[in-house]
Amino acid sequence: MVTADLRAGDLSRITDNAEIKGRSLWADARARFVLNKAAVASVFVLIFVAFFSIFGEAVAPWTNEEIDFNVIGSADTKGMPSIETGHYFGTDDLGRDLFARTAQGTRISLMVGFVGTFIAVVVGTVYGAVSGYVGGRTDAVLMRIVDILSAIPFMFVLILLLVMFGRSMFMIFVGIGMLSWLGMARIVRGQTMSLKHKEYIEAARASGVSTWKIILRHIVPNLMGVVVVYTTLLIPDMIMAESFISFLGLGVQEPLTSLGALISEGSKSILQSSIQPTLWQLYFPLILFVATLYAFYFVGDGLRDALDPKDR
Amino acid sequence: MFSFITRRLLVAVPTLLILIVLSAVLMHAAPGGPFNSERKLPAEVVANLQAKYGLDQPLWWQIWTYIRDLVLHFDFGPSFKYKDRTVNDIIAQGFPVTLIYGFWSFIIATILGIAAGIVAAIRHNTATDYAVLSVAIIGAALPGFVIAPILVLFFTLQMGWLPGGGWENAEWRYLVMPVIALSTGYIASIARLMRSSMLETLNSNFVRTARAKGLPEWKVIVRHVMKPALLPILSYLGPVFVGMITGSVVIDMYFSTGGIGKSFVDSALNRDYSVMLGVTLLVGALTILFNLIVDVLYAFIDPKIRY
């Protein structure tokens, strides 16, 4: 989106002198996006979540590892959320502050979402663009590979990878990213095929630009609309996948946590707590998780309406 | 049609082979074998164990024997962790359970999703439509591991109507929550898909003709709209099926139902590689088979498709 804004800005500067202002694709898109109230509200939700994940730990009086010895062992009676004890979101069964842990877990979840998506987008875009542009037998082979890979149950393979090579953040990032570029590749290929017979591509080819350069300089920038939309829809999927793995206890390792791991702990704890269900242990991570997911979906929806008008 | 099925099967076989080889190579390359434990075993014991499970053979030979036993005897080999159990035993224990709640979830997701989508489309732009749509949007983004604790909170802790977990040979009280948790997301996405595809079909010319010749509205919908509108649903059933199996991992973890997902997670935590590999392959094979069935059905129903 940064490049998009820049480009929109540049164009409007160029057209400022003209009598009638031209509108770029991106300026048009922005105008349409702003009209979508759910999407705009979701952008603010996401900004809020991001701030919480970055600065939440600095605000919290406790760190995510510290154990409050007043609470340990009796979280269900003493660990509830309160301003006085400094546990704004309460504590978990071990007496650790849930505010700090939720902030830290949200950060991990967002990071997995962004990094995983970044890998998937880069690999998928290049793969799809090459396949679609080169066409012919190369295209057939590359797409057959995608077909074969998409028949593999990836959640299982990912767990297999995590178990065999140890549960590191790196493995989660790369694993989730590498396993989810397939859809991206398919979409980009389709777009490329329709782009490649446009006049400006032919002009580039006629003036002797190399294939690789045409793909990177002319095809990929024109794919940005589709890629941006798909990317925003991919991020929540990544977050979901990471949470799924963390829910099973195969994700990030203590003392680090993620929203999925927190939801898992919270949901086990409400069944075990004897005196009073420790509901707050489930509610706070759950609300953040669901809010983040919906926000991404609505933003993605809004972007699709804004960037791809024929889809409406 | 026959050549189409053969062609699809020909793609399926290399897919499975790649999956087997990839997993076997990974297994071999992984640091820390299955016999690593806190207690240090004497070298001879390890050597004996490795010889027993064939791990001292070269990699290509291990892969070859694995594929040979799998294809000829449908034998997934022994479990690395439980010396008196084979992978086949473990799968045979968990799979029927997953099949039962997966089957019900699948049926319920399809029927409810289609019904909700039809109602929403017929009552387009009314309160009913908006209600269905908003519930569908909420439901589609809720993963099973979010729904499961909420269900337990309500049905078990607040109301005390249902047991919080267990299986008891598929007695209905133990089935309710797993089926709801597994099917909600798919009811929602099927409903959305069905609604938009119904709306598209309702706007087409042949529907106008059918109405113009005086058919009652219900007949128009049952005779003319339903069939073309169902096609996108059909191709979505493949992913739904995969989701049922992947979702079973969460269901088994949370409701202690003891299905195939439990075998998988247990083996993952135990580093019981042969069980993990067996389950992954089984799921892969089923996925391919199911997608094949869906494709063939699609070709039967949609006269526009020629293979």
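User: Where does B:S256 sit in chain B?
Analyst: B:S256 is in the loop between helix 9 (217-255) and helix 10 (260-270) of chain B. Helices here are DSSP runs of H or I with at least four residues, strands are E runs of at least two, and both are numbered from the N terminus. This is a predicted model, where local features need pLDDT of at least 70, side-chain atom pairs count only at pLDDT 80 or more, and totals for chains, interfaces and linings use all residues. Residues are numbered from 1 along each chain as its sequence is written, chains are lettered from A and ligands numbered from 1 in the order written, and side-chain values use heavy atoms, without hydrogens and water.

User: OK, and what is the phi of B:S256?
Analyst: B:S256 has a positive phi of about 50°, although B:S256 is not a glycine. Most residues other than glycine have a negative phi. B:N125 is another non-glycine with a positive phi, of about 65°.

User: Where's B:N125, then?
Analyst: B:N125 is in the loop between helix 4 and helix 5 (127-140) of chain B.

User: Is B:N125 buried, partly exposed or exposed?
Analyst: B:N125 is partly exposed, because its relative accessible area is 48%. Buried means under 20%, exposed means over 50%, and partly exposed is in between (1.4 Å probe, protein chains only).

User: Switching topic: what about B:S105, buried or exposed?
Analyst: B:S105 is buried, with a relative accessible area of 0%. B:S105 belongs to helix 4 (residues 87-122) of chain B.

User: Which residues is B:S105 in contact with?
Analyst: Leaving aside neighbours within four places in sequence, B:S105 is in contact (heavy atoms within 4.5 Å) with B:P178, B:V179, B:L182, B:S183 and B:M244. The side chain of B:S105 also reaches the backbone oxygen of B:Y101 at 2.6 Å.

User: Zooming out, how many helices and strands does chain B have?
Analyst: Chain B has 11 helices and zero strands. Its C-alpha atoms fill a box of roughly 85 × 55 × 30 Å along the principal axes, and buried residues make up 46% of its 307 residues.

User: Now the two chains together. What area is buried between chain A and chain B?
Analyst: About 3,600 Å² is buried between chain A and chain B, with carbon and sulfur atoms giving 86% of that. Buried area is the accessible area (1.4 Å probe) that two parts lose on being put together, summed over both. A:F156, A:L160 and A:M164 supply 20% of the area that chain A buries against chain B, more than any other three residues.

User: How many residues does each chain put into the contact?
Analyst: Chain A gives 34 residues and chain B gives 42.

User: And how many salt bridges are there between chain A and chain B?
Analyst: Zero salt bridges between chain A and chain B. A salt bridge would be a side-chain nitrogen of Lys or Arg within 4 Å of a carboxyl oxygen of Asp or Glu.

User: Which elements of chain A touch chain B?
Analyst: Those giving two or more residues to that side of chain A are helix 6 (136-150), helix 7 (154-165), helix 11 (211-247), helix 12 (259-272) and helix 13 (280-307).

User: Last one: where is A:I47?
Analyst: A:I47 is in helix 3 (residues 37-59) of chain A. A:I47 is partly exposed, with a relative accessible area of 38%.

Terms used
A polar contact is a pair of N or O atoms within 3.5 Å; within protein, one must be able to donate a hydrogen and the other to accept it, and residues adjacent in sequence count only if both atoms are side-chain atoms.
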